[in-house]
Amino acid sequence: MALSRGLRCCQRVFSWIPVLIITAVVLWSYYAYVFELCLFTITNTLEKVAYLLLFHVCFVMFSWTYWKSIFTPPASPCKKFQLSYSDKQRYEMEDRPDAQKQILVEIAKKLPIFTRAQSGAIRFCDRCQVLKPDRCHHCSVCEMCVLKMDHHCPWVNNCVGFSNYKFFLLFLAYSMVYCIFIAATVFRYFLKFWEGVLPNGPAKFHVLFLMFVALMFFVSLMFLFGYHCWLVAKNRSTLEAFSAPAFANGPDKNGFNVGMRRNLEQVFGENRRLWFIPVFTSQGNGHYFPLKNRSSESHNPLLANEDMWEESDDGSEEGSLAEDVDPSVTIEMEE
């Protein structure tokens, strides 16, 4: 037990290494640009002030979005998807697998769940003891089920999902802006140092290296950002791009695609003035997502009206929950 705790503690410490690397590179780029380039190399006062002003705007937006991507906790399923104390007692005291499955099927009747496992079974996380909402997956690194999980990103040491996907996209976008701004403004002085017009000194190394690093990161980020823009346009997560979500009638890679505009609004919200600001504006609560084929919701009156489900409280939810469910549906235990 003590050994496993020690290993877990070491894993948590080492998981911050990629974040520390990015932080160190950014802090060095700040010193190289502000001090070595602007203060020690550029002689034109107007150019110096303009570069410093625009650079700090890019730097603040980059830092803000990176901070939000790292420290926004992943959203987990609410208690309506968790086994209650009585249900858990019934489940654990029941020895027959079929009876255990039936208990979970009864609980699943009450919830807005459309997706299935590839086998057709309702998805259940045995570790978290929750029925998984649509697009929810268990992260083995975070040791929790994450709503609309996209992937676990080591560079932010966090799960990218419903609660911080907008912040992650903005982080990629402002990282590109930060890199291309540095490359564009450094280029002229890069050539001067390269051709020997400017004298050798500490600034030469920083300016030359700054140019290469900015271009290298920009190219890498450009492909990653482009891929995630495509995912947003199609309303897919990274996990769903590799394995299409399965529904009662089979897998459908476009099951959540409700059109370009609505797909964008699900991530960024309806207020377009806030799209580029790292504040949470995503639609919904992460437990329910509109489907491309709305007719499937008619199988369950509750699922056809997510507002009714959201407004029901713990004491009254039994009365408003749908009763019909296919008894042949089974439960799959997923870790």
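User: Which residues of helix 5 are buried?

Analyst: In this predicted model, the buried residues of helix 5 are A99, Q100, I103, L104, V105, I107 and A108.

User: What should the span of helix 5 be at 1.5 Å a residue, and how far apart are its end C-alpha atoms?

Analyst: The expected span of a helix is 1.5 Å times one less than its number of residues. Helix 5 covers residues 97-108, and its 12 residues should therefore span 16 Å; the end C-alpha atoms are 16 Å apart, which agrees.

User: How many residues does the largest nonpolar core have, and which have the most contacts inside it?

Analyst: A nonpolar core is a set of buried residues joined through side-chain atoms within 4.5 Å. The largest one here has 53 residues, and Y33, F55, Y165, I182 and V186 have the most contacts inside it. At least two residues of this core come from each of helix 2, helix 3 (45-71), helix 6, helix 7 and helix 9 (260-268). Helix 6 supplies the largest share, 17 residues.

User: Which residues is Y33 in contact with, leaving aside its neighbours within four places in sequence?

Analyst: Y33 is in contact with C38, Y51, F55, F181, I182, T185, V186 and L210.

User: How much space lies in the second largest pocket, and which residues are the closest to its centre?

Analyst: The second largest pocket holds about 480 Å³ of space. Its lining has 28 residues, of which I22, F171, S175, F217 and L221 are the closest to the centre. Helix 2 (17-39), strand 5 (151-153), helix 6 (165-195) and helix 7 (202-234) each give two or more residues to the lining. Helix 7 gives the largest share, nine residues.

User: What classes of residue make up this lining?

Analyst: The lining of the second largest pocket has 21 nonpolar, six polar and one charged residues.

Technical notes
Residues numbered from 1 in each chain as written. Predicted model: local features only at pLDDT ≥ 70, side-chain atom pairs only at ≥ 80, totals over all residues. Heavy atoms only, no water. 1 Å grid on protein atoms, 1.4 Å probe; cavity = no way out; pocket = protein on both sides within 12 Å on 5 of 7 lines; lining within 4 Å. Points joined across faces, edges and corners; volume = space filled by probe spheres on them. Helix = DSSP H or I, 4+ residues; strand = E, 2+ residues; numbered from the N terminus. Nonpolar A, V, L, I, M, F, W, Y, C, P; charged D, E, K, R; others polar. Buried < 20%, exposed > 50% of the residue type's maximum accessible area, 1.4 Å probe, protein only. Contact = heavy atoms within 4.5 Å.
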